[in-house]
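Hi everyone, thanks for coming. Let's bring up the structure and walk through a couple of its elements together.

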Amino acid sequence: MLEPCWRAVCASGIEMKLSLLITGQIRNEAEFRILVREIDCIAHRFHKIVFSSWSDQLRLAQATMSDKKTGYHIEFCDCGHLLPLIDTLHGRFKSFLAQHQQLALGLDLFDADSHVLRIRADFKSQVTGHFRQFVEILDAAWRLDESKCLILGAGGFVPCFFEDRILMLTPSAAVKLKNMPMANIYKIDHYNIYPEYLIYSTIIDWYDIGEIFLRHDHMYMENACLSEYDRIAFGESYDIFVERYIERFEDSFVFLGDAAFEVGMYELFSEIGLYLGFDSRDKATFKDRWRTKVREFYNCSDRLDMANPPEKSRGFDGIESEKQTLNMFKNEYLCQRYSNIVEWSGLSKESIFYYEYLEMVGCSLYFLGRADHARPILDEVVASGKAGQECFFYLVMIVASAGDYGRLEQISRLFLERFPNETRVIEHIEGVWKSVDRTPPSDLKFR
């Protein structure tokens, strides 16, 4: 006989329902069977269990998770088929659409007052073997405060870039995700269209953070801490945006590690080891990192102002328009329409993204077999201090083919200094030296 459905009583005195949603692809059937066994042990704790995925995945899941085999009822949600988008161009958008489809349809099967734990069918981590303990921590955390979503970690300096492989949703957050207005994706820079940002920015209340902060492409970085694009967009108000964002974060989310500490379960939480490579795993670190970023922003801005005062006349509308044009160029480049890049290069002369355009033009000329024309352009980008990996990647090949070994050494050093821990960079430089049968200087350290 099955144990009765488990429900927690929260601090508010209200009985809390907890449901489990499993989404995604079964990439390894053996690992999935292990996950199912973990769920079997505590299935009675969930008000409802739903597996929401593509049609072909449902057949695999049903073979492992049928009522006869598990002893408890599972609802299966058929989400149809993944859209045939090209990964190289639309990978993040494709990933978001896949998650949104499975989340929206799966969440619709739960009661409106149910908290939801979402895990992925292919998620392999330290949770395996500790699923019961993990749910116990989750239970205790929501008993303390059932009004906020729980997160495991936050990464970088992009708003709402939180761990999305495990979602811990309040009833109101689940409703927001289920009813996400897809029109929102047209209002932001398309480089923000990736799962973490769209999932968590739907949950958080943005009412006083500012549209600029929401729409801005925070992943665009230059000069280590900010670019002219960031500087014109935020001006002297970056600290205000960040403080409002931190406040809204605290209104909506709690780090699971912090909650575990509050309920006396931090040692158990540490044993499970749910770190997952994120920079911030507690509120204190999260706030400190963002405020450090603010100081770096203004320090860097002051240095840039001395040499190149920002063009405030452009305004946000102007800078956003320029960024959309840059996005169009990047799309052409990724589609390998190199002739278009070269033909349209005159459009970039007055842009604050001039050197990024110049890099794409130089690399496009290289691909079109015009290495002699590409070299001076890529040299100019390197001299500006704003060269990206693409520029270095092809310039090192151009100078090596030209037999300019002195310049090869210079570019190799600059490339390694700019990207010191990139395996792809190291292997590429090594390969270029070998291709011209040259031994690099002994002090040029690759490893």
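**A strand and a helix pair**

Let's begin with strand S2, residues 15-23: eight of its nine residues are buried, so S2 is largely enclosed by the rest of the structure. Please keep in mind that this is a predicted model.

Who are the neighbours of S2? On the one hand there is strand S5, residues 114-120, which runs parallel to S2 and is joined to it by seven bridges. If you'd like a place to look, find Leu18, whose bridge partner in S5 is His115. On the other hand there is strand S3, residues 49-53, and here S2 pairs through four bridges, again in the parallel sense. To find that pairing on your screen, go to Leu20, which stands opposite Ile49 of S3.

Now for the helices. At what angle do the axes of H1 and H2 cross? H1 covers residues 29-41 and H2 covers residues 55-65; their axes come within 10 Å and cross at roughly 50°. As for handedness, the crossing of H1 and H2 is right-handed.

Which residues make the contact? From H1 we have Glu29, Phe32, Arg33 and Val36, and from H2 we have Leu60, Ala61, Thr64 and Met65. Sorted by class, the contact between H1 and H2 comprises five nonpolar residues, two charged ones and one polar one.

That's my tour, so over to you for questions!

How values were computed. Residues numbered from 1 in each chain as written. Predicted model: local features only at pLDDT ≥ 70, side-chain atom pairs only at ≥ 80, totals over all residues. Heavy atoms only, no water. Axes fitted to C-alpha atoms, helices over the stretch in contact; angles between N-to-C directions. Helix = DSSP H or I, 4+ residues; strand = E, 2+ residues; numbered from the N terminus. Left-handed = near helix turned anticlockwise from the far one by under 90°. Contact = heavy atoms within 4.5 Å. Nonpolar A, V, L, I, M, F, W, Y, C, P; charged D, E, K, R; others polar. Buried < 20%, exposed > 50% of the residue type's maximum accessible area, 1.4 Å probe, protein only. Pairing = 2+ DSSP bridges.
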